[in-house]
Amino acid sequence: LITAAAPALSAASPPAKHLVLVVADDLGYADLGYAGSQIATPNIDKLASAGVKLAHFYVQRACSPTRGALLTGRYNIRYGFQSGVLTSQNNWSLPLDETLLPQFVKRVDARSKCHAVGKWHLGYHRWEHTPTFRGFDSYLGYYSGDEDYYTHQGDCGGFDLHDDSRPDCGAGCSRHAWEAVGEYSTHLFTRRAVSIIREHDAAAPLFLYLPYQAVHVPDQVPAQYVAPYKFARVEGTNARNLFAGMLSCLDEGVGNVTRALRRKGILDETLLWFQTDNGAATPACGGWTGGQNWPLRGGKCTAWEGGLRGVAFVSGA
């Protein structure tokens, strides 16, 4: 990612020392403010305007395939992720012989610190397949594909919020973060990301992987984020207003992370990469969330442009 993006930003700039990789879940092609949406995303828009907007950026049609390709740098048919997302019934995961981005980063510079916060969805049937066994020094998030934003009950059938505090954090180390019950996940993940940046030793390279839960179903968000929006009801639902609130909260989180980098004094040394994992969900796949892929045809799970052509930009160093 760094090698691909740095020349586009400035041929004269030195390589970025730090990388923050933000993934929005099920964000539509036309949902961000800079894409013409009426949803306010000022922090994201500012970063995009200062960087390079990737207008022809292609992803996979659903969560796990995109995340696998993103972290391995390899097309997903090479490791069995071409058929769709992992479910709670799968007894297989992203193969262990695949080298992931944090492992590569540490090969380049052994001083590097790599942290993941948010959605995993690359398999967890054995400890060896969870994030801190795949190159990350710590992880806070959920292993499965989705969960309640407040209770953190996952589609795995139980509580799915894990705090893995060190490398190889398995049995006897990984713990359920029960204290976070009731805390909205976008706030929770932003708070952990800001804490990681604040406590990081700026002399060492930082890779922060921040795959937010938002704006995936279920449509849940604190009321104050929905209040500014008065979109018309569609198919009898208030989905677009709820979606707008979820995206506004996500934008606030991105702004808080950016300010944390500035306060730490490393913003000018950081490459910030932002992308969706696939197009917005539709009633045919993923539920009516209120996301918008117009003018592209189709959405999540389809091979049409609305499923595969995603919003993305790089900004910073």
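**Close-up views of a predicted model**

**View 1. A disulfide joins C169 to C173, with the sulfurs 2.0 Å apart.** The link between C169 and C173 is left-handed, at -100° about the S-S bond. There are two disulfides in the structure, a disulfide being a pair of cysteine sulfur atoms within 2.5 Å. As a reminder, a disulfide is a covalent bond between the sulfur atoms of two cysteines. Residues are numbered from 1 along each chain as its sequence is written, and side-chain values use heavy atoms, with hydrogens and water left out.

**View 2. Helix 5 (residues 185-199) meets helix 7 (residues 239-264), their axes coming within 9 Å and crossing at roughly 10°.** That crossing makes helix 5 roughly parallel to helix 7 (angles under 35 degrees count as roughly parallel, over 145 as roughly antiparallel, 65 to 115 as roughly perpendicular and the rest as oblique). On the helix 5 side, the contact includes T186, H187, T190 and A193, while helix 7 brings in, among others, C249, L250, E252 and G253. Sorted by class, this contact has eight nonpolar, five polar and five charged residues. Here Ala, Val, Leu, Ile, Met, Phe, Trp, Tyr, Cys and Pro count as nonpolar, Asp, Glu, Lys and Arg as charged, and the others, Gly among them, as polar. Contact means heavy atoms within 4.5 Å. Axes are lines fitted to C-alpha atoms, for helices over the stretch in contact, with angles from 0 to 180 degrees between N-to-C directions. Helices (H or I, at least four residues) and strands (E, at least two) are DSSP runs, numbered from the N terminus.

**View 3. Helix 2 (residues 42-50) also packs with helix 7, the axes coming within 7 Å and crossing at roughly 55°.** With that angle, helix 2 is oblique to helix 7. P42, N43, I44 and L47 of helix 2 touch D251, E252, V254, G255, T258 and R259 of helix 7. The tally for this contact is four nonpolar, three polar and three charged residues.

**View 4. The second largest pocket holds about 330 Å³ of space.** Among its 20 lining residues, A30, R240, Q292, N293 and W294 are the closest to the centre. The lining splits into 10 nonpolar, nine polar and one charged. On a 1 Å grid over the protein atoms alone, a pocket is an open set with protein on both sides within 12 Å along at least five of seven lines, a cavity is a set of points where a 1.4 Å probe fits but cannot get out, and lining residues have an atom within 4 Å of a point. Grid points are joined across faces, edges and corners, and a volume is the space filled by probe spheres set on the points.

**View 5. The largest cavity has about 40 Å³ of space.** A search of the whole structure turns up one cavity of 30 Å³ or more. Its lining is made of L86, T87, S88, H121, G123, Y124, Y143, S144, G145 and D155. Three of these lining residues are nonpolar, six polar and one charged.

**View 6. The loop between strand 8 (206-211) and helix 6 (223-226) holds V215 and P218.** The A214 to V215 peptide bond is cis, with omega near 10°. From V217 to P218 the peptide bond is cis too, with omega near 0°.

**View 7. D26 sits in the loop between strand 1 (18-24) and helix 2.** Although not a glycine, D26 has a positive phi of about 65°.

Definitions and conventions. Predicted model: local features only at pLDDT ≥ 70, side-chain atom pairs only at ≥ 80, totals over all residues.
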